[in-house]
Amino acid sequence: MSDKVKIIIDDIEYEVPAGSNLVDMAKWYADNDIPVFCYHPKMEPVGMCRMCLVEQGSIVKDRETGEVVLDENGNPQVRWFPKLQTACTQIVHDGMVIRTNTEAVKAARENVVEFLLTSHPLDCPICDKGGECPLQNLTMAHGPGTSRMNYDDKMHLDKHVPLGDLIFLDEERCIQCARCIRFQDEIVGDDVLAFHERGRKLQIITNSDPGFDTYFSGNTTDICPVGALTTADFRFGARPWELTEVPSICPHDAAGSNISLSVRLDRDFGGRAMIKRVMPRQNEYVNEIWISDKTRFGHHFTRSEDRLKKPMIKKGGVLTEATWDEAIRFVVDALKAADGSVAAIAGSSTPNEDLWTLRKLVEGLGGGLLGAWTPTHAGADLVAQVGVGKGTNLGDLGQGDAVLIIATDLEEEVPIWRLRLKQAADRGAYLVVANARKTRMDDFASDTVRYDYGQAAHAMQNLDAAIAKKLKEANNLIIVAGAEGLTLDGSRALMQAAANFLIESGHIGKPNNGLLSPFPGANGMGLHYMGFSPEATLQIMQNPPKLLIVNQAELLADDPFAAEWLNKVETIISLNLFPDAVSNMAAAALPIQSFAERDGTFTNGERRVQRFYMAQGPMGEALPAWQVFSQLSEALGQGHAKLSAAAVMKEITENVEAFAGMRYKELARVERQFPDVGGEDLYYGGTAYQNKGGLGVQIETSADKGEAVSVGEVKLPDSPKPKKGQVLVVPVAQLFNRQSTFKPSVLVHPRVPQPYVEINSKDAARMNIKTGDLVEVMMADQIRVTVQAHVNGGAPEGAAVLPRYLTDEATPMVLTVGEIKKV
């Protein structure tokens with residue numbers, strides 16, 4: 001059977017893929033934008049709005065011979081449906097004939113628009129959707145031009161209804177297309193919106209507590225075809241035609257979501273370019289057209305007034321403002337005085353250009369230790385060997401494929417991966433979730449596996465025989481291995497065990513097969529390719545150098561045990577976005593630019609190198625970190641300073657094999673993507689932006705290149721063992737938290753939980769603790785935090801789950817032991 005069929009659209013024949021949606025095919029092949037309101041190419045069709053009505057028929061064939069029956073003029077006979085059909089609910093078939101431009105079709109579209117406008121408010125001049133509104137555009141194209149309706153019959157409904165803390169509903173503008181409800185149900189799996197009432201009173205409501213309780217709420221404002229749903233961040237903030245769109249990359253997690261920063265010159269920012277909103281930018285390989293609410297609303301740190309704005313150097317034991325020339329001379333003298341005892345630690349959202357110039361600086365001084373922060377996730381080298389094959393697209397996974405997610409809570413760590421793998425399960429993929437506790441992904445799993453904290457590698461090696469068989473026999477297999485409930489050695493063991501499983505089952509070196517890990521930050525894999533590792537960080541901790549360069553890593557805010565070894569470092573040079581406890585200890589604290597103020601690249605968890613572009617005016621005198629390191633290198637006689645980020649990337653492509661051929665021009669290449677969203681027909685795909693900044697380039701794995709990859713030894717480490725009266729303290733990720741790069745997003749504060757610890761009911765009964773009690777969690781070296789107790793089945797017996805970055809004090813990065821007492 002052919003996988004292509006022939007259809008006729010407005011008297012022109014097209015050959016299109018069988019089984020496809022008619023609206024999609026008309027747009028893709030015939031450049032015919034059939035108008036829609038309720039249909040969206042990422043969701044199932046429902047035919048609710050009737051805007052897509054077309055004349056439809058089929059070419060008549062002789063039942064006996066199968067030959068096409070011709071009319072008296074020698075043309076194929078067409079048997080037409082007696083009534084207009086909804087194009088969005090039609091699957092193309094051989095011999096399908098449609099007409100989209102007849103008088104009957106035009107009249108139907110005009111009628112639909114006229115009915116929608118009977119109670120729609122005439123507030124376009126003050127509507128946030130004005131200028132990018134599908135209803136506006138379709139009214140101009142297909143509307144009647146005049147109204148026959150009696151104004152007294154207009155429905156008056158509430159205008160400013162908060163569905164949650166982040167999204168507002170204007171009930172008068174809603175046209176009941178149900179896109180938002182269906183998105184939350186079909187795409188996300190958080191069924192938190194619903195219809196209420198009937199007829200013209202029908203309205204959207206939230207049925208969750210807190211309201212609109214999901215990490216993906218902002219996407220509903222993108223796909224809403226009217227101005228009914230707006231974000232708290234952008235309401236009345238600017239007009240769409242005032243904005244300039246700048247391609248960028250999410251700086252928060254390993255997904256590397258493609259985004260568009262909407263900027264304009266703003267008086268509230270001193271007349272400089274300022275981010276007014278963050279929008280999704282289509283990349284079907286990475287995030288499709290969706291972004292998480294953290295990506296959308298977590299941009300305010302880039303212009304926070306708390307940012308470090310001027311270079312600071314220590315004079316008489318006190319940090320004092322200095323010029324950049326003074327600061328460079330001061331740091332150069334300190335580097336020389338260290339006599340080669342120099343090391344560096346870089347944070348996981350440090351761009352590739354900064355990592356390369358920092359590496360060159362340290363190695364040029366005779367130093368060799370380049371630490372990756374945070375030192376929680378091992379195995380980036382294994383991802384470089386057997387990571388997901390080049391050309392992988394999580395959106396292709398479905399029937400016959402399998403995914404194993406182990407030791408990670410993707411909902412909190414990499415929400416876009418959670419979203420896309422949930423959809424893979426919807427398409428029929430076999431999804432296994434293994435963890436010591438229940439996570440959100442359990443709700444979508446085909447099978448779940450439980451093990452004791454610290455035993456993830458052992459569980460990986462000893463999967464249930466039936467589960468292992470299904471995984472091994474799958475057409476494609478991806479393993480996502482995290483580090484929840486593990487030490488760094490435990491993470492290494494799990495990653496090796498997962499890699500071994502993939503190698504032995506032959507699921508490496510091809511698309512949609514291989515290993516993934518939710519490395520912290522936006523550039524965890526970039527750290528590896530530039531020579532930085534968590535193992536080197538441990539070496540630095542164990543044997544501190546004379547001089548330590550710390551770049552965009554808040555060591556003391558992340559690790560309660562860091563002060564002990566940092567105090568042994570004679571000289572600290574800190575480069576960061578914000579002043580912090582490390583910069584207070586430093587001999588020099590240098591301000592650097594955020595991702596929004598500069599050009600650069602990140603390498604995401606799938607090893608895709610992607611560009612981001614300068615969008616926003618700089619804060620104070622901050623410089624890109626690569627420029628600081630480059631100037632230091634020049635002052636030390638290590639060569640001329642680079643003049644641009646592009647020049648740094650050119651040098652990277654010439655010296656780092658994995659980056660060969662990845663100059664900015666190659667990273668900026670784009671191609672037409674399906675579905676074709678982001679054009680003038682915003683009614684089709686919503687306000688997600690076309691990708692004009694580049695799809696990036698994926699680094700090949702060793703297996704992709706045909707290099708031999710062998711099974712490695714799994715060294716099972718000893719896990720911390722609690723003594724009597726103690727429990728395992730398990731640090732876990734919390735997406736909405738109080739990290740310095742998210743705390744300035746004040747509008748999200750109501751969604752950030754109060755500090756808490758999850759305690760098993762049996763342990764809580766033994767400790768006489770109830771939900772809501774204030775408790776103290778005490779760990780080694782007098783490390784303690786006071787938090788609220790949650791006793792709701794979220795922790796296995798003998799373990800306390802402690803989310804990170806909710807307290808003012810640092811909490812442990814990896815699995816440890818401790819005591820809990822009621823305050």
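Glycine 818 is buried, with a relative accessible area of 2%, where buried denotes under 20% relative accessible area, exposed over 50%, and partly exposed the range in between (1.4 Å probe, protein chains only). The residue belongs to strand E35, which covers residues 816-822; strands (E, at least two residues) and helices (H or I, at least four) are DSSP runs numbered from the N terminus. Glycine 818 is in contact (heavy atoms within 4.5 Å) with Gln726, Val727, Val729, Met778 and Met779, residues up to four places away in sequence being left out. For glycine 818 and methionine 778, a sequence separation of 40 residues corresponds to a C-alpha to C-alpha distance of 5.3 Å.

The structure is a predicted model, in which local features require pLDDT of at least 70 and side-chain atom pairs count only at pLDDT 80 or more, whereas totals for chains, interfaces and linings use all residues. Residues are numbered from 1 along each chain as its sequence is written, and side-chain values use heavy atoms, with hydrogens and water left out.

Isoleucine 406 lies in strand E19 (residues 402-406) and is likewise buried, at a relative accessible area of 1%. Its contacts, again without residues up to four places away in sequence, are Ala434, Tyr451, Ala456, Met460, Ile479, Val480, Ala481, Gly482 and Leu494. Isoleucine 406 and threonine 146, 260 residues apart in sequence, are separated by 60 Å in space, C-alpha to C-alpha.

The protein chain as a whole contains 24 helices and 35 strands. Its radius of gyration is 29 Å, close to the 28 Å that the globule rule gives for 823 residues, so the chain is as compact as a globular protein of that length; the radius is taken over C-alpha atoms, and the rule is 2.2 Å times the number of residues to the power 0.38. The C-alpha trace spans about 95 × 65 × 60 Å along its principal axes. Of the 823 residues, 61% count as buried. Among contacts between residues at least 6 apart in sequence, 73% join residues at least 24 apart.
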